[in-house]
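I opened a new model today.

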Amino acid sequence: MSKVEDFLTKEEEQEIVEAIRMAENNTSGEIRVHIEKTTSKAHYDRALEVFHQLRMNETKLQNGVLLYFAVEDKNFVICGDKGINDVVANDFWDCTKDVMTNHFKSGNFKQGIVDGILNAGEQLKKYFPSQEDDTNELSNEISKG
């Protein structure tokens, strides 16, 4: 794969954006996806950097979640904000990671991301249910590095 743009087709990207929209219908949490080719930094450190670049730390309830992918490195990180981390167990994201990893092992990246997003929405709903005055605080579009 030469470019990060080749990782997903336009149609697959739209399915991912739609999954974010659907997941966010159930929760006041905000979900973003960032895809880049590689990083020279530790993946978690880079995910935190992107989290702040995308201003995900500025949500009202501090309940943003970033799904970060370094595709050439074959690595991904799920990064939740302080509001989430303060109320959930340390293994909170493990089931989401497991669902995604199973798809990735069979080369089904789009479905892994979609299922990961929907699973994250379900998990967030328990702690951050959707509220009547919810606004979409962050873009649902996929960002790329």
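**Aromatic pairs and cores**

I looked up Phe7 and found it buried, at 14% relative accessible area (buried is under 20%, exposed over 50%, partly exposed in between, with a 1.4 Å probe and protein chains only). I note that this is a predicted model, where local features need pLDDT of at least 70, side-chain atom pairs count only at pLDDT 80 or more, and totals for chains, interfaces and linings use all residues. Residues are numbered from 1 along each chain as its sequence is written, and side-chain values use heavy atoms, leaving out hydrogens and water.

I then listed aromatic pairs and got seven. Rings of Phe, Tyr and Trp (its six-membered ring) pair if their centres lie within 6.5 Å; planes under 30 degrees apart are stacked, over 60 edge-to-face, the rest tilted. Phe7 and Phe109 make a tilted pair, 5.2 Å centre to centre with 45 degrees between the planes. Phe7 sits in the segment before helix H1 (10-25) and Phe109 in helix H5 (residues 109-127), 102 residues apart. Helices (H or I, at least four residues) and strands (E, at least two) are DSSP runs, numbered from the N terminus. Phe109 is partly exposed, at 33%.

Next came the largest nonpolar core, with 30 residues. Such a core is a set of buried Ala, Val, Leu, Ile, Met, Phe, Trp, Tyr and Cys residues joined through side-chain atoms within 4.5 Å. Phe69 and Ile117 are among the members that touch the most others. Another core, of eleven residues, lies apart from it and includes Phe51 and Met56.
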